[in-house]
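Visitor: I have a model to look at. Please walk me through the ligand, a helix and a few loops.

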Amino acid sequence: MKNRPYIYADNAATTKLAPEAVEAMMPFLSDEYGNPSSLYSFSRSAKKALADARSVIAECIGASPEEIFFTSGGTESDNWAIKGFIPHGKVIASRIEHHAVINALAYCDHFQRGPGKLLSVDKRGIVSFKSLENALSPRVALVSVMLANNEIGTIEPIRELAEKAHEYGAAFHTDAVQAVGHIPVNVGALGVDLLSASAHKFHGPKGIGFLYCKKKVALERFLDGGQQEAGMRAGTENVAAIVGMATALRLSCDRMNKVTARLSEMTACFRKIITADIPEAVFNGDPEHRLPGHISLSIPGISGEALMHVLDLKGIAVSTGAACDSRSTKISDVLKAIRLPVKLAKGTIRITLGAYNTVDQVKYIADKIVDYCKTIGESNVLP
Ligand code: PLP
């Protein structure tokens with residue numbers, strides 16, 4: 001029998017590089033190796049590619065090119081946004097932020113003389129307005145709430161939260177790493193001052209991302225050195241990766257409606273199989289406001305980690321939670337924050353479908369989960 005090709009269903013961890021992005025990058029990995037800062041004609045194509053990529057990215061999120069700063073990815077963009085506000089006052093964030101925000105905030109605590117407040121969320125993972133109102137004061141310089149959560153897929157009401165923060169004179173940052181390229185993102189409509197994104201989450205290369213910073217927002221410089229990125233983030237630009245990122249983002253935005261429709265079909269098919277055969281299974285996150293193709297599933301009485309390994313043996317890649325937490329078996333802070341009972345939290349897996357998945361693959365994954373739950377022996381049942 002022919003081996004089934006590996007099924008990749010962990011698109012929140014990273015995504016396949018789009019062939020179109022690879023093609024666009026190739027010249028800058030070979031003949032067009034000029035430094036975009038150089039003044040001679042050989043570097044002209046690199047300089048132009050950089051400017052074009054900045055314009056494409058700006059257009060995709062409704063910004064101006066001067067508001068886009070290239071970084072090494074989501075982690076750097078988050079760190080810059082948070083640490084870049086240290087001189088201006090306190091920074092607060094939601095309890096379900098990625099470690100790139102939470103740990104940057106912990107670093108700021110040292111300067112803030114006491115831990116920054118973490119905003120609580122409800123059972124769907126929606127940030128509490130009350131919690132934000134209680135935390136806001138004239139001493140708060142920045143509020144950071146993610147646009148979409150990487151573990152449970154919930155999309156936050158960013159516009160309303162940003163308006164509230166602005167009422168108190170605080171700037172607003174959103175970690176949009178899981179959202180950009182997957183749902184419409186327009187910085188004006190969201191009303192945000194800063195926004196983080198990462199190319200490898202939308203079929204671009206790894207190690208490249210960007211930070212949107214609205215004009216006149218008082219963000220501190222991040223890296224000292226040369227005058228790259230308007231003197232805000234020094235270092236010779238990774239032209240090939242930047243070109244790949246812009247190509248992948250343009251492609252993701254162009255095909256977004258089509259992909260979203262396919263992902264809804266696949267998700268519905270998955271839910272139908274699981275709810276019919278495992279009625280005790282729980283789908284986490286907000287049922288309405290959620291990322292397309294994002295499934296966080298909790299099955300009481302099983303180990304999510306064991307299921308992940310069983311699926312791996314069957315040629316399927318899924319995650320037990322956030323990829324960055326995949327080496328840790330403790331219950332994630334996000335599942336704790338939504339107050340998921342321990343029995344369910346232990347039996348949680350995350351399946352994140354993407355543009356290259358098919359309905360057939362999704363049926364296969366669901367069937368294998370059902371088989372596992374049916375055949376699981378008493379010895380595997382958690383106390
Ligand atoms: N923020 C969120 C919500 C993420 O999901 C991730 C990666 O998983 C990051 C930030 C970090 O992005 P990067 O891997 O580009 O550093």
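Guide: Start with two terms. Buried means under 20% relative accessible area, exposed means over 50%, and partly exposed lies in between, with a 1.4 Å probe and protein chains only. Helices (H or I, at least four residues) and strands (E, at least two) are DSSP runs, numbered from the N terminus. This is a predicted model, where local features need pLDDT of at least 70, side-chain atom pairs count only at pLDDT 80 or more, and totals for chains, interfaces and linings use all residues. Residues are numbered from 1 along each chain as its sequence is written, and side-chain values use heavy atoms, without hydrogens and water.

Visitor: How many residues of H3 are buried?

Guide: The buried residues of H3 include Gly74, Trp80 and Ile82. The helix is largely enclosed by the rest of the structure, because the buried residues number 8 of the 10.

Visitor: How far is the polar side-chain atom of serine 198 from an oxygen atom of the ligand?

Guide: A polar contact is a pair of N or O atoms within 3.5 Å. In the side chain of threonine 75, an N or O atom is 2.6 Å from a ligand oxygen. For glutamine 178 the distance is 2.8 Å. For serine 198 it is 2.6 Å.

Visitor: What share of the ligand's exposed area does the protein bury?

Guide: Accessible areas come from the Shrake-Rupley method with a 1.4 Å probe; for residues, only the protein chains shown count as cover. Taken alone, the ligand exposes 390 Å². The protein buries 87% of that.

Visitor: Is glutamate 229 buried or exposed?

Guide: Glutamate 229 sits in the loop between strand E8 (209-213) and helix H8 (239-254). Its phi is positive, about 50 degrees, although it is not a glycine. Its relative accessibility is 6%, so glutamate 229 counts as buried.

Visitor: Is alanine 230 buried or exposed?

Guide: Alanine 230 is also in the loop between E8 and H8. Its phi is positive too, near 55 degrees. Its relative accessibility is 67%, so alanine 230 counts as exposed.

Visitor: How far apart in space are tyrosine 33 and lysine 346?

Guide: Tyrosine 33 lies in the loop between H1 and helix H2 (44-61). In sequence, tyrosine 33 and lysine 346 are 313 residues apart. In space, C-alpha to C-alpha, the distance is 49 Å.

How values were computed
Polar contact = N/O pair within 3.5 Å; in protein donor to acceptor, adjacent residues only side chain to side chain.
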